[in-house]
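Visitor: Could you take me through this structure step by step? I am new to reading such models.
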Amino acid sequence: MLKVLAITILGSLPLLPVAAVAQMVPSTCHAVAEAVPSATFVSMTGPTRLAQVGEDVTITYVAHATYRIESPGGVVAATDFAGMGGSPTPDIVTMNKAHSSHNTPFPDPAIAHVLRGWNPEGGPARHALTVDDMYVRNVPTDIRSYDGMEPDGNSIFIFEVAGLCIGHLGHLHHRLTDSDFAQIGRLDIVMVPVDGGLTMSQEGMGEITERLRSSIVLPMHRFSGPIERFLAKLPDFAVDMRDEPGFTVSVRTLPRTPTVIVLRGV
């Protein structure tokens with residue numbers, strides 16, 4: 001039986017200071033920022049560690065902006081879930097509301113935890129969910145709308161598992177602030193939309209990816225444009241083109257050089 005600890009606050013609450021958030025949730029990836037942008041990224045040990053460092057996490061590309069993340073304990077999460085999350089049914093799905101390809105109003109009732117990146121009642125969505133050896137939290141972002149920008153319309157979701165910090169940028173529409181980066185914290189692996197049109201420009205997304213300096217970059221949300229256009233924005237990153245839709249990774253097997261891994265189907 002899955003053990004669950006959930007903190008989900010939906011309402012028009014102000015963003016909490018980074019230090020306060022770090023104390024409130026069992027994050028091992030949070031930045032402790034005494035003075036933004038001089039944030040120090042820390043990895044905590046002890047009771048907050050959710051799984052033995054070194055165990056494998058499996059990541060599989062499903063479609064569009066959906067990746068499956070499977071923990072060593074067998075917990076499965078699917079990102080930007082629009083009804084297709086692979087088999088078996090995920091335990092956790094995250095959604096964003098930019099387009100119907102990033103959410104579904106009728107998720108399978110068998111999915112135990114549906115985390116929406118927006119708050120239907122207004123204000124930012126707040127999620128802090130622990131299911132066995134996986135912890136999921138969100139950082140609200142704004143979204144384009146017919147009236148300009150809608151505050152807190154979507155979220156960046158961060159999955160903390162086996163000592164890894166895995167971020168999904170969702171349908172990101174704007175550059176991130178120093179405060180955003182501090183709330184996100186360290187990301188060992190980041191999933192990045194690379195369409196260059198419906199989300200941010202490829203140049204802007206490249207700048208964010210450069211600053212995060214994650215060990216692994218996983219492109220997603222690509223349409224007909226060649227992947228090389230995005231890769232050109234990251235000249236200092238290695239490129240690993242793969243014929244498989246998924247791979248396993250652990251803290252110990254992260255590449256030493258920041259690497260863009262392009263999985264089959266992306």
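Guide: Let us begin with a term: a residue counts as buried when its relative accessible area is under 20%, and as exposed when that area is over 50%. Tyr 61 has a relative accessible area of 10%, so Tyr 61 is buried. Please keep in mind that this is a predicted model.

Visitor: And Tyr 67, is that one buried or exposed?
Guide: Tyr 67 is buried, because its relative accessibility is 0%.

Visitor: How many aromatic pairs are there?
Guide: The count comes to one aromatic pair. Its members are Tyr 61 and Tyr 67, whose ring centres lie 5.2 Å apart.

Visitor: Why is that pair called edge-to-face?
Guide: An angle over 60 degrees between the ring planes counts as edge-to-face. The planes of Tyr 61 and Tyr 67 stand at 65°, so the pair falls into that class.

Visitor: Let us turn to the strands. What is the order in the open sheet of six?
Guide: The order is E8-E7-E6-E5-E4-E16, and the pairing in this sheet is mixed. Strand E8 (113-116) and strand E16 (246-249) are the edge strands, each pairing on one side only. From one strand to the next, the twist averages 20°.

Visitor: What holds strands of a sheet together?
Guide: Strands of a sheet pair through backbone hydrogen bonds, and they may be parallel or antiparallel.

Visitor: How do E4 and E5 run?
Guide: Strand E4 (residues 57-63) and strand E5 (residues 66-70) run antiparallel and are joined by five bridges. Within this part of the sheet, Thr 58 stands opposite Glu 70 in E5.

Visitor: New topic: how many salt bridges does the structure hold?
Guide: The structure holds four salt bridges. One of them joins the side chains of Arg 137 and Glu 160, at 2.8 Å from N to O. Arg 137 belongs to strand E10 (residues 134-145) and Glu 160 to strand E11 (residues 148-161), so that pair links distant parts of the chain, 23 residues apart. Both Arg 137 and Glu 160 are buried.

Visitor: Which serine side chain has a polar contact with Glu 160?
Guide: That is Ser 27, whose side chain makes a polar contact of 2.8 Å with the side chain of Glu 160. The side chain of Ser 27 also reaches the backbone nitrogen of Cys 29, at 3.1 Å.

Visitor: Where does Ser 27 lie?
Guide: Ser 27 lies in the loop between helix H1 (18-24) and strand E2 (31-35). Its relative accessible area is 1%, so Ser 27 is buried.

Visitor: What about Arg 211: which residue does it meet in a salt bridge?
Guide: Arg 211 meets Asp 178, with a distance of 2.9 Å from N to O. Arg 211 is in helix H3 (residues 202-212) and Asp 178 is in helix H2 (residues 178-184), 33 residues apart. Arg 211 is partly exposed, with a relative accessible area of 41%, and Asp 178 is partly exposed at 30%.

Visitor: Which ring does the charged end of Arg 211 sit over?
Guide: The charged end of Arg 211 sits over the ring of Phe 181, 4.1 Å from the ring centre. Arg 242, in turn, lies over the face of Phe 247, at 5.4 Å from the ring centre.

Visitor: Which residue forms a salt bridge with Arg 242?
Guide: Asp 240 does, and the closest N and O atoms are 2.9 Å apart. Arg 242 counts as partly exposed because its relative accessibility is 28%. Asp 240, at 25%, is likewise partly exposed.

Conventions: Residues are numbered from 1 along each chain as its sequence is written. This is a predicted model: local features need pLDDT of at least 70, side-chain atom pairs count only at pLDDT 80 or more; totals for chains, interfaces and linings use all residues. Side-chain values use heavy atoms; hydrogens and water are left out. Helices (H or I, at least four residues) and strands (E, at least two) are DSSP runs, numbered from the N terminus. Buried means under 20% relative accessible area, exposed over 50%, partly exposed in between (1.4 Å probe, protein chains only). A polar contact is a pair of N or O atoms within 3.5 Å; within protein, one must be able to donate a hydrogen and the other to accept it, and residues adjacent in sequence count only if both atoms are side-chain atoms. Two strands pair if DSSP finds at least two bridges between them. Axes are lines fitted to C-alpha atoms, for helices over the stretch in contact, and angles run from 0 to 180 degrees between N-to-C directions. Rings of Phe, Tyr and Trp (its six-membered ring) pair if their centres lie within 6.5 Å; planes under 30 degrees apart count as stacked, over 60 as edge-to-face and the rest as tilted. A charge sits over a ring if NZ of Lys or CZ of Arg is within 6 Å of the ring centre and within 35 degrees of the ring normal.
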